[in-house]
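Here is a quick walk through the fold, strand by strand and helix by helix. Have the viewer open and follow along.

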Amino acid sequence: MGGTEHLTVRREGATLVLTLNRPEAKNALSLPMLVGLYDGWLEADEDDSVRSIVLTGSGGAFCAGMDLKALAGKGMEGQRYRDRLDADPDLHWKAMLRHHRPRKPVIAAVEGYCVAGGTEILQGTDIRIAGESATFGLFEVKRGLFPIGGSTVRLQRQIPRTHALEMLLTGRPYSAREAADVGLVGHVVPDGTALAEALKIAERINACGPLAVEAVKASVYETAEMTEAEGLAAELKRGWPIFDTRDAKEGARAFAEKRAPVYKRE
């Protein structure tokens, strides 16, 4: 199992838990963290025993955005991470889910700060839970910068455009309740319980047929910008093969026999 000094990786049953781990810097993004994230997404995709992913942060924060000094990756220890980035110049974008979409569902468990690059990573996740004191926002314009992690494209597709533009153009912080009200997050829970709630949702996903789950996720994203007619045609192509799987037959059989299904990705 992978990980770096700034990102820990552990298993909770069929869930891979990735934890941003620079609490002293509110989990601001560093080169070791980005490399660890990218490797974590790949590990989840390549390991069929992983059925879901939870992304969270340590020390009461999710992610406070980029740490430009840490991203310099200076010194001998940082050189191996710099070499990874040199070998794949898109690695940091894939790590931030800008250029990469894991085939397994990704659940974000947010406590504390989830701002700038943190809010950008959030937009690449599928299901989002926030502690009630969490803070969101895209602060780049306040610093004369551009939120180049995908927010000018994705945010308006995920929340109403008027709210997306206000968030992008004012650079103001948003409370967890405001984020839920505009649809950026799906659940607001008591502080300190976001991870536990994310793991509960992950368990529900893990109990479902993995081939079906992955096909449903793929269909949702694949058809998002299609016309309804195009989307419905694409859905049939994606969905019909699932009915021919052994897992589909197992699901029906388990229902009839009043037992939990045993799915084998077949």
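Start with strand E2, where Thr-15, Val-17 and Thr-19 point one way, Leu-16, Leu-18 and Leu-20 point the other way, and all are buried. Buried here means under 20% relative accessible area, exposed means over 50%, and partly exposed is in between (1.4 Å probe, protein chains only). Since six of the six residues of E2 are buried, the strand is largely enclosed by the rest of the structure.

Before going further, a word on what you're looking at. This is a predicted model, in which local features need pLDDT of at least 70 and side-chain atom pairs count only at pLDDT 80 or more, while totals for chains, interfaces and linings use all residues. Residues are numbered from 1 along each chain as its sequence is written, and side-chain values use heavy atoms, with hydrogens and water left out. Helices (H or I, at least four residues) and strands (E, at least two) are DSSP runs, numbered from the N terminus.

**Strands around E2**

Thr-15 is partnered with Ser-52, and Leu-20 stands opposite Gly-57. Strand E3 (residues 52–57) is mostly covered, with six of its six residues buried. Ser-52, Val-54 and Thr-56 point one way from E3, and Ile-53, Leu-55 and Gly-57 point the other way.

Another sheet is worth a look. Three strands form an open sheet in the order E5-E7-E8, with mixed pairing. Its edge strands are E5 (113–115) and E8 (174–175), each pairing on one side only. E5 and E7 (residues 135–137) pair in the parallel sense over three bridges, and Val-115 stands opposite Gly-137.

**Helices and cores**

Helix H1 (residues 31–46) has 16 residues and should span 22 Å at 1.5 Å a residue; its end C-alpha atoms are 23 Å apart, which agrees. The expected span is 1.5 Å times one less than the number of residues. H1 is mostly covered, with 13 of its 16 residues buried.

The largest nonpolar core has 47 residues, and Leu-18, Leu-37, Val-110, Phe-136 and Leu-184 touch the most other members. H1 supplies the largest share of this core, eight residues. Apart from it lies another core of 13 residues, among them Val-54, Val-189, Ala-198 and Ile-205. (A nonpolar core is a set of buried Ala, Val, Leu, Ile, Met, Phe, Trp, Tyr and Cys residues joined through side-chain atoms within 4.5 Å.)

Now find Leu-199 in helix H9 (residues 194–206). Leu-199 is buried, at 16% relative accessible area. Leaving aside neighbours within four places in sequence, Leu-199 is in contact (heavy atoms within 4.5 Å) with Glu-12, Thr-15, Val-17 and Val-54. Glu-12 is 187 residues away along the chain, yet the two C-alpha atoms are separated by 8.1 Å.

**Rings**

How many aromatic pairs does a search of the whole structure find? One: Trp-240 and Phe-243, with ring centres 5.3 Å apart and planes at 55 degrees, so the pair is tilted. Rings of Phe, Tyr and Trp (its six-membered ring) pair if their centres lie within 6.5 Å; planes under 30 degrees apart count as stacked, over 60 as edge-to-face and the rest as tilted. Being three residues apart in helix H11 (residues 228–243), Trp-240 and Phe-243 are separated by about one helical turn. Trp-240 counts as exposed at 54% relative accessibility, and Phe-243 is exposed at 57%.

Two arginines also lie over ring faces, as tabulated below. A charge sits over a ring if NZ of Lys or CZ of Arg is within 6 Å of the ring centre and within 35 degrees of the ring normal.

| Charged residue | Ring | Distance from ring centre |
|---|---|---|
| Arg-98 | Trp-93 | 5.1 Å |
| Arg-101 | Tyr-221 | 3.9 Å |

Terms used. Two strands pair if DSSP finds at least two bridges between them.
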